[in-house]
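The entries below follow the order in which I looked.

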Amino acid sequence: MYAHFVTGVTAGKLFWPRSHTDLDVWFTILVCQDYGEGIVAGGDFAFASVGNILKCKHGDVLIYNPTFHHGTTEFKLYAGDEDSGRIFYAFFMKKEVLHASFLSKSLQERVGVQPLELV
Amino acid sequence: MARITCVIFANTNDDTQTGDKIPTGYDIEFVLGGRLSNLARCDLTYTTATAEGFVDATDNFGGHLLRHQMTASVENMREVVADEPATELEIVVADKSLKKVRCRKSELTSGAVKKHCASKTSNKNESNRTGECSGLRPSGKRSCHPCSELLLKSEFSKTQWKKPRDGQMYCINCHGKIASMGPMGRVLKNSHSLSSGIVDGRQHLVHGNIRWDRAIRSSSSDREIADKLLAEFKTSFDITKATVTSIKKLGKNEESYVRFQLMQNVEDHGPISEGSMTDFLTTVRTQRVHHIPFQHHPEQSGSWPINTFTDSPSMSTGTRLKFRCKVSESQYISSFPEGRIVHHVRGTVLKNNDDMIIGARCYTLNQQVLNEMKLVYDEIEKHRPFLTRGNAVANVCANFAVTGLKQDNNTKLLMTHVPRSKDASDAYQEMQMRSKLRGIFVKNIYPLVQKEFGWLFDPITEWVNRGK
């Protein structure tokens, strides 16, 4: 694993996706970070399946079930200020990576540690 | 493919530690599993020969070697987020692109490639056999792989000069330098031969020759074991059925559960209108919108300078944007119902009517950690420039990057996300960034989450650790 149960991390700068679900196998941890002056409004985390939005502020740590529809909401930014905005970091556990981890482990146990062939 | 790793035998619990030289050891970690010296994985951090001083960083020589190591795999040529396994077509395309590099001025069509880059039957021709494209390079010269110089036959040993065109030639001078590096030099030189292209243990057409990739393939028994373990995991931790009650029954971290109960619960309002479930959602428009189509389609080349992306004026006014997806098809936007934005000082929990946690906001990170994360993010942007996701996750953004582990598209084995930069020295920085982000998560983020959601995450962390 990358760290504990986490297999990977995405970092989205002003990331506004369509509401979606992910093929993850456990809860995702999300960190919200503003840079510069941050944002004017929006940029929260919406859950379409329960009709609620978690308000996000600088430094907030969220968790969510990735198998339910989720996504950030549209951002309202300061005009002409490219140095201000919001980043979301998602620490997730992906099914296919977990399987790859098991497969690599079983292969390694079968064939052992392979030496480099030096000519 | 292999990576050099090092272990520091002191202060190993501090990922951000820098300073005086302390005792270190080195290992080589193979992408397909295993380590040469078998040092404990948790102690290792990725490094490069250049960073460790085995190769002179100011010398083009060593960096060049590493750069070629990185591009040896077709994996690096393809977008790492591609969901589909490589097709034969992709393999052929990759091979052609390699040929174009070798016949760089030709801009050849496939027919011309065949003509200039000899098949076995035309190997009798000296210029073809030695990899030259007649008329395109100075006659009688060939390129040395490490120093990239076009050199005369006299600059190469007889053995090197006789190498086939897809072999990497070393001039006498470079050969001497590598020999003087000792074992590290031999690793640098020979690790190229682990794969001439795609790493999957199968047969491939490489520069007109059929070659077996030397990667070790997983067997059906390996896959059975992996499938069984994944099934066991999903039985124990089925996220699609994980209710508060069922997870609490696992009995981990009772203290955190007490804190969790102090958080504010918010009622389930039910799903928003069916047509809007997979739309882009907004709360910042003065006029409510319902399932209106975007004017633009998210094409891979879709990027808009400031104030030009009319589908989101409130974002476009602030920054340049990308609107990307692997498929170019209509996307829609809907306003979220009003009065649904929640925030509570003690934290907020969103549960559905089936007692499942949908989302929650817990503690807030301190500013120092956030400052470090921003620095790490800046490094991510440099080395992982952009990630395009599938249609289900079409998105508008300033940037989107990924790091950590992934499944290799061909072998289905575990591997790391690799830096996309062409500069070998970036690999070291990218690996350090990865290590630091991991350190920030382990030391600062996860402990914070554990306080209120240890009962939710500790069981799974324990299960994963037991498997090690």
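In which sense do strand S10 (residues 292-293) of chain B and S13(B) pair, and over how many bridges? I find the antiparallel sense, over 2 bridges.

**Entry 1: conventions.** I am reading a predicted model, in which local features need pLDDT of at least 70, side-chain atom pairs count only at pLDDT 80 or more, and totals for chains, interfaces and linings use all residues. Residues are numbered from 1 along each chain as its sequence is written, while chains are lettered from A and ligands numbered from 1 in the order in which they are written. Helices (H or I, at least four residues) and strands (E, at least two) are DSSP runs numbered from the N terminus. Two strands pair if DSSP finds at least two bridges between them.

**Entry 2: strand S13 of chain B.** I looked up the other pairing of S13(B) next. Strand S9 (residues 280-282) of chain B is joined to S13 (residues 332-335) of chain B by 3 bridges, and these two strands run parallel. B:Ile333 is the bridge partner of B:Phe280, and B:Ile333 is also the bridge partner of B:Ile292.

**Entry 3: confidence.** I noted ipTM 0.92 and pTM 0.67 for the model. For chain B the mean pLDDT is 71, with 60% of the residues at 70 or above; pLDDT is the predictor's confidence in each residue, from 0 to 100. Within chain B, confidence is highest in S9(B), at 95, and lowest in helix H2 (residues 74-77), at a mean of 32. Residues 10-22 of chain B have pLDDT below 50, and this stretch has 13 contacts in the model beyond near neighbours in sequence. Residues 191-197 of chain B are also below 50, with 23 such contacts. A contact here means that the C-beta atoms of two residues, placed from the backbone, lie within 7 Å.

**Entry 4: chain A.** I count 10 strands and 1 helix in chain A. Chain A has 119 residues, and 70% of them count as buried. A residue is buried if 20 or more other C-beta atoms lie within 10 Å of its own, exposed if 12 or fewer, and partly exposed in between, with C-beta atoms placed from the backbone. Of the contacts in chain A between residues at least 6 apart in sequence, 81% join residues at least 24 apart.

**Entry 5: the sheet of 9 strands.** I traced an open sheet with mixed pairing, in the order S8(B)-S15(B)-S16(B)-S7(A)-S3(A)-S10(A)-S1(A)-S18(B)-S19(B). Its edge strands are S8 (264-266) and S19 (414-416) of chain B, each pairing on one side only. Inside it, S1 (residues 8-13) of chain A runs antiparallel to S10 (residues 85-92) of chain A, with 6 bridges, and A:Ala11 has A:Tyr89 as its bridge partner.

Entry 6: I found a second open sheet, ordered S2(A)-S17(B)-S12(B)-S11(B), with antiparallel pairing. Strand S2 (16-17) of chain A and strand S11 (303-304) of chain B each have a single partner strand, so one side of each is left without a neighbour in the sheet. S2(A) pairs with S17 (residues 395-397) of chain B over 2 bridges, and A:Pro17 has B:Asn395 as its bridge partner.

**Entry 7: the contact between chains.** I see 85 residues from chain A and 104 residues from chain B in the contact. H1(A) gives the largest share of the chain A side, 14 residues.

**Entry 8: the core.** Of its 98 residues, A:Leu30, A:Ile63, A:Tyr89 and B:Val449 touch the most other members. Helix H14 (residues 424-467) of chain B gives the most to this core, with 13 residues. Not counting residues up to four places away in sequence, B:Val449 touches A:Ile29, A:Val61, A:Ile63, B:Cys362 and B:Phe457.

How values were computed: A nonpolar core is a set of buried Ala, Val, Leu, Ile, Met, Phe, Trp, Tyr and Cys residues joined through C-beta atoms within 7 Å.
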